[in-house]
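The following paragraphs guide a new reader through the structure shown below. Please keep the sequence and the model in view while reading.

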Amino acid sequence: MKLPWAFYLSWKQLFPTGRGVSFFSILSVFGVALGVNVMIVVVAFMNGFQDKFRTDIIDSQGHARAEMAYGSSGDWKDDMKKLESQPKVQAVAPYLNGHLLLEHFGNRSIPFAMGVDPVRGDTVIPVSEFLAEGSPKILAVEASRITPLPVVDDLQDDVVFLSRQAADKLGAHPAAALLTTDHNSSSNRVGNGIMVLRKLDPFVESGTWKVRFEDDGSYRVTDPYDEEWEDLFFVSEKIENLGEGIPLFEITPGSTPFAKGDLFTIEIFGASVIDVYSPSMLEKAKDDELLPPRQVRVGGIFEVPWQGFHLDALFGTLRFMQEMNGQSGVVHGFNLKFVPEVASDTQALADACMNTRSSLGENWSVVPWFVENAWFFDLLKFEEYLMVLIMVPIGLVAAFAIAIALMTSVLRKTREIGLLVAMGGSRLSIGTVFTMQGFVIGLLGAVLGWGMALLFICYRDSLMSFIVRNIAGEEGGAGVAQFYDFYSLRVPYPWDSADSLQNFLTFGAFAVGVSTLAGFLPAWKAARLNPSEALRSE
Amino acid sequence: MSDDNKRFALEAKGLAKTFPYGEERLKVLVDADMRVVAGRSISIRGESGCGKTTLLNLLARLDFADTGELYWNGESYDPKLPPGPRDAARRACLIGVVYQAYYLIPEMNVLENVLLAARLAGSMGKDAKQRARELLNRVGVTNRERQLPQKLSGGERQRVAIARALLNRPKVILADEPTGNLDERSAGDVMELLLEACREEDAGLVLVTHNPSFAKATDEALNLVKGELSPA
């Protein structure tokens, strides 16, 4: 196919023979590329934030919340069965919310308390994923923290999980363990095998446990309660459960075997015991019935990634909350999880919520997550649009630069334009020469901008790390530490997400369109030149 | 179209052109007739500003006349109308132009500049490349085809411009003071080349020049005085 001469000439003016590329081309293409890159990255990151918030919100409250309009549900087991029978409902978890007063050595907190079913709840709200390391700050030389993460099974009627902020306020912590080794107790000065603590029961008492090796494959344990060495255990033996309050050790041999006399000392710090008061106790106090506070142990610390979740919070069992509220056999509502094909489509989810509500009755409301948090996502969307509106002038500035440069080119090349007409060039073709330059700059700028945006997305974690560290310092300054959450921001590549692809294509097309438009004015001026006057121009 | 018209590569009858001058109109050309035969040359001399370039522009249809008739290779064009797309396409095939200032495109090398004429005429191909090389050889710019115009002397640039004008085997070459920017020796060489090449290529030549000896070298010499063409 023969390249039309106007295309050829416009290409040559951008990429002259012998010079490869003109200074004007480099600057223009980079200008457009920066504009495209900034617009794509801003929107991609905003979408990433929205996606993260969406995931966090769904994790903290499920896909929808079903509640009775005028109070608690007494027949909640029947209601739950109805909900579970819905074809599009995947999991149902009852909850009972309220506020409790906690006290621990004079420190008080009034957290938002949620009673959940530890087994069912985890299928809707992944409490187990929120559980975090919560060892007390203990200074110890040559000791290592070996506290295992708590598990959701630890949640019992007398065990609660506290949010990090509530625990800090109270000065409370779950059970913790420190491991020390005695280097002078055996001939090989302790083998390099690993000792881990598989499970630390919330009811474990403070005290010192010792593990002493008899040879490379067997050991004895002594507990804090008596000084007698227990029966022989074997390294190869898997110990499942020794009873409530007994830590579960696991020992893996290393390249240097253990030897007789090798000694591990495990210092156990028991979980904090906190006093809990409930509003129902106050009600009873009015009738001169004074009840002692309920004492519960701190089974674990949790961190809910959704910043809108209550910072002072407590997870307890459903029965614990029912007892504290004096509402035996009552729940406030249900957190629902729908099947993935419904959950991924907001319209389908809204329809499913409507259908579910119809099956429950008039007194019920079933509110999907995006309705409950509409204010927040509307705000984010508004922010995204605002950012794009602010960014668009960047693209326009590049277009103005292109227009000015091409206009200058038309003035500089007036006599050449006259010659082209004299050689048989039509006005349309002359105009095309300059329009094409705008188009090619836009196209190359868009492609380069896409490349830069891909690099930004690829290295977003390093970028965020750089920004956060330089703004907030290593520890994270006030209000900035939360950005560490975004290190793992999910920003999809265009081949992974239709939205991302649309984002890339939209801003690429915008750049090409605006650049081409920028070429129109110079092109129009060139096409309108009178050739006889152009040839005479100085 | 008469048989007479077909005999001429270019023919103009009664061309007239005025320009506004205050409230009046300045007569630049009055009833100009010209017949250009293939392979023959015509020179036009006259004082600066007498309308020589305007006449060339009217012949090339880069400007439009007030009255007159115009034929390119026997095809009739209304010189009173602004040139349209048809004129542009035919101009690329029938008319070659050479100017005093060469007007080579600085972003292209010598060969690309010559081939631009073929691209404009829509006849780019292997044959065009071969002919471009032959013409460059013919005008004495051999082995410079990859050079950029900026690297050439004035005489060399004008030779390249002549090769470009001849590439599409035009019926007429319109040359507007092609030696105006050259020293005496180069000017003589270029003029000799232009006359020879037009004869060899069987192209008519309309040469605007101030140089009497160059005018004498053409087959027909005309003077343009007060807008009127007359034999020298």
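Which side chains meet in a salt bridge with an N to O distance of 3.0 Å? The side chains of B:E196 and B:R138 do so; a salt bridge here is a side-chain nitrogen of Lys or Arg within 4 Å of a carboxyl oxygen of Asp or Glu. B:E196 belongs to helix α7 (residues 184–201) of chain B and B:R138 to helix α5 (residues 126–138) of chain B, so the pair ties together parts that are 58 residues apart in sequence. Helices (H or I, at least four residues) and strands (E, at least two) are DSSP runs, numbered from the N terminus. B:E196 is partly exposed, at a relative accessible area of 31%, and B:R138 is likewise partly exposed, at 28%. In these terms, buried means under 20% relative accessible area, exposed means over 50%, and partly exposed lies in between (1.4 Å probe, protein chains only).

The model is predicted, with local features requiring pLDDT of at least 70 and side-chain atom pairs counting only at pLDDT 80 or more, while totals for chains, interfaces and linings use all residues. Residues are numbered from 1 along each chain as its sequence is written, chains are lettered from A and ligands numbered from 1 in the order in which they are written, and side-chain values use heavy atoms, with hydrogens and water left out.

Over all chains, a search of the whole structure finds 33 salt bridges. Another of them in chain B joins B:K17 and B:D63, at 3.5 Å from N to O. This pair links distant parts of the chain, for B:K17 lies in strand β1 (residues 10–21) and B:D63 in the loop between α2 (52–59) and β4 (67–72), 46 residues apart. B:K17 counts as buried at 7% relative accessibility, and B:D63 counts as buried at 9%.

In chain A, A:E214 forms a salt bridge with A:R212, and their closest N and O atoms are 3.1 Å apart. A:E214 is buried, with a relative accessible area of 19%, whereas A:R212 is partly exposed, at 29%.

The overall arrangement of chain A comes next. Its domain assignment, which is an automatic or database one, gives domain 1 (5–54 + 376–536) and domain 2 (132–273). The C-alpha centres of these two domains of chain A lie 60 Å apart. Helix α14 (residues 427–458) of chain A has 32 residues and reaches 46 Å from its first C-alpha to its last, close to the 46 Å expected at 1.5 Å a residue; the expected span is 1.5 Å times one less than the number of residues. Helix α14(A) also has a kink of about 25°, centred on A:V433, where the bend is the angle between axes fitted to the seven residues ending there and the seven starting there.

The two chains also meet. Their contact, defined by heavy atoms within 4.5 Å, takes 25 residues from chain A and 29 residues from chain B. Chain A and chain B bury about 2,500 Å² between them, 63% of it on carbon and sulfur atoms; buried area is the accessible area (1.4 Å probe) that two parts lose on being put together, summed over both. Across this interface the rule finds two salt bridges. B:E112 forms a salt bridge with A:K12, with the closest N and O atoms 3.1 Å apart.
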